[in-house]
Amino acid sequence: MHSGGHTRRMLLKGVSAGALLSALSPAAARIRMTGSARIEALIAGMSLAEKAGQLSIYSDPVRAYGAVVNPGVVTQGLTEIKARIARGEMVGLFNGVGVALGRALQKVAVEQSRTGIPLIFAADVIHGCRTIFPIPLGEAASFDLDLAERTARAAALEASALGVHWTFAPMVDVARDERWGRVAEGAGEDPWLGEMFARARVRGFQGTDLRDPTRVLACPKHFAAYGAVQGGMEYNTADISDTTLWQVHLPPFKAAFGAGALSTMASFNDIAGVPSTANHHLLTEILRDEWGFKGVVVSDYTSEQEVVAHGYAADERDAVVKSLTAGCDISMQSGLYYKHLPELVQSGQVPIAVVDRAVRRVLEVKQALGLFENPYRSLDPARQVNDIRRPETVALAREAGRKSVVLLRNEGNLLPLAKTATIALIGPAISDRADLPGPWAVFPDVASHVTIEEGFRAAMGSHGALHVARGCDYEAPIEGGIASAVAAAMACDVVVLVAGESAGMSGEAQARVDIGIPPAQLALAEAIAATGKPLVVVLRHGRALALTGAVRNAPAILASWFLGSETGHALADLVFGDAAPQGRLPVSFPQSSGQEPFYYNHRSTGRPQTSDEKDYKARYREVTNAPLYPFGHGLTYAAVVYGETMAKGPLVRDGRMIVWATVANTGNRPCHEVAQLYLHARVASVTQPVRVLRGIRHLDLAPGQVVTVSFDVTEADLAYVHQDLRSFADPGLFDVWIAPSAQGGTSATFAMTD
Ligand code: NOJ
């Protein structure tokens, strides 16, 4: 009835936008103008309830999958949801997938609601949707940014085929305390690596045009400093300096927004007493005024309500005032904005301009996704069939799995194993299909996952023999378990023991005081080691672990995280040498849990332990300060030797300087080496870490091959956050390493001059 041209003509004639909207029939009210004219026309005509609805998202009660990823909050049934959508009072839903109902709900929104504003469907698609890739921490171990972009792109393809427009990912929190369960979801302890992965993942999710129906809107989270929760305890306070906030925790967010991410999620924690969700300095002054962010901020599952429990707001209404005013645009799940905003505006406690500002941001994001032109984007029944578990996606999961595994130790070149060997495969995880994706997969296609046992059997065929024994549960012994595992070990040439955490032991709300392997599995490991059989340990984990006893002493150790759908195939590729390990640790392995937070890029302190001296040094009584396995560490099946780091200084502030070193494969197998560039400022007005990562190079080396690897160093690599929060480098002396890890390599020294 009312065409876009008609709408525009009415506006041109000076008819007010509000009058225009009221004049439209429900079905035609989806204004067909473009750009800000459409958005302003909509805002001008919306009721307070419609506006509050556009600022309220709820988890999908109908299309929800089995995984429980949030605490239960009373939610609405389908009838109520449909009625709200028909009234135009809901921005969208999250964590439900499926095209048929998605289309039906969208139809209600665009055809029955007065405003005709389409819904947005969101979901926690963290590391794959139906096909699951390694957990983000594991994938970070690949140090492979192209891989991260490709897996995010593949996750977007599957998610959008199931009706998702917006993923609540990537998590870009820098996490340096391995007790925190959510270490699993990020890129580890290093801010620079975090920036790189943040960019790659945003690019992978969003592509270059958000209107592309095979892409999804990214949501870097959790803004900010959630990784700095004290003691690694979930939801705890983060009490950090401004320089640490700016130098460690904010850079990956800034990088993600720089890559085009148009949404973010406020974090649960407070920073120095101000909960992020109601933190005006964070959500408005930094995010928008300083960084120019144009997207939308969503709370984290009732976090706007939780500012009351924080002691920052007196009651729910106060929480709404403070959160919305601070810059948190959308309330997730609590329903508080919907419940209180109309009355808060009417009573003058919230200016309508503040509500309109948030609604405008929401509509702009919907517009950027192309939802006004194409409300059924990403709701295509054919794609729901064709774009799920495509062969190339499954192959990518196997590739990503292989590239994420870190060979921590390989005494006597125990690995790779011969496929003709008689192998005992032992441990609670070996045949556990449901556990393979790890803690953060909401929609996995579990039936298609390849268990470790299946992967080994497929690789070995009829060559060797495989004896399997569970041995124990993840956290409890099983009757006769150790005895049968020992019997299996005794019957074999070599044992592969899979030990570590179950999926449920890491992720949200799974902080641990002891990051070791559970006692039941340690007892199993001791019994297996006592057989004297050669022992390969495959670790499964969502964080760095503190290894002890027979696991720590095993001659060969692979860190394998949670590898996702293709776990069995990926592991078998490496164990049998069809591929060589190339992963690198994105988190330091400590000697003991009590050292956490334990990270390579710490400050020196005034009494660093530089020799064996023990007294009056910054150290613990029981253990050395050296990590068990440092950040960046990872062996290959070859032997790699680094030459001396060379630097030809000085570096002039506006110039660049080359540093280089030779890297040689002195082994007899090809390998993939990841050379790392580290820097250190000797003197700074805010003391700087003993080393910081500033570059990586992937090298494929044939046996006997020697290459010279070089990096450009510029002032930007030396810049740090000063007390006034400006970032630049000071002239002076610097150390530089080209190294295989944060502990290795030789250093060269150079000066930077003005
Ligand atoms: C809480 C988590 O902190 C967040 O990462 C997630 O996106 C939401 N729940 C929604 O499931």
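Start your tour by selecting Glu715 and Arg653: the two form a salt bridge, with their closest N and O atoms 2.9 Å apart. A salt bridge here is a side-chain nitrogen of Lys or Arg within 4 Å of a carboxyl oxygen of Asp or Glu. Glu715 belongs to helix 24 (residues 715–718) and Arg653 to the loop between strand 19 (651–652) and strand 20 (656–665), so this pair ties together parts that are 62 residues apart in sequence. Helices (H or I, at least four residues) and strands (E, at least two) are DSSP runs, numbered from the N terminus.

Before moving on, note that this is a predicted model, in which local features need pLDDT of at least 70 and side-chain atom pairs count only at pLDDT 80 or more, while totals for chains, interfaces and linings use all residues. Residues are numbered from 1 along each chain as its sequence is written, and side-chain values use heavy atoms, with hydrogens and water left out.

The structure holds 46 salt bridges. Select Asp445 and Arg130 next, whose side chains meet in one of them (3.8 Å, N to O). This pair links distant parts of the chain, 315 residues apart: Asp445 is in the loop between strand 12 (422–426) and helix 19 (452–460), and Arg130 is in the loop between strand 3 (120–123) and helix 7 (136–140). Arg130 is buried, at a relative accessible area of 17%. Buried means under 20% relative accessible area, exposed over 50%, and partly exposed in between (1.4 Å probe, protein chains only).

Now go to Asp144 and Lys403, another salt bridge (3.9 Å, N to O). Asp144 sits in the loop between helix 7 and helix 8 (145–161), and Lys403 in helix 18 (residues 391–404), so the pair connects parts that are 259 residues apart in sequence. Are these two buried or exposed? Asp144 is buried, with a relative accessible area of 12%, and Lys403 counts as buried too, at 19%.

**A stop at helix 12**

Pick Arg288, which is found in helix 12 (residues 280–290). Arg288 is buried, with a relative accessible area of 10%. Its side chain makes a polar contact with the side chain of Asp329 (3.0 Å). A polar contact is a pair of N or O atoms within 3.5 Å; within protein, one must be able to donate a hydrogen and the other to accept it, and residues adjacent in sequence count only if both atoms are side-chain atoms.

**Strand 26 and its neighbours**

Select strand 26 (residues 732–739): six of its eight residues are buried, so the rest of the structure largely encloses it. Strand 21 (residues 671–681) runs antiparallel to strand 26, joined to it by six bridges. Strands count as paired if DSSP finds at least two bridges between them. Look for Leu677, which stands opposite Ile738 in strand 26. Strand 26 also pairs with strand 27 (residues 747–753), in the antiparallel sense over six bridges. There, Gly732 has Met752 in strand 27 as its bridge partner.
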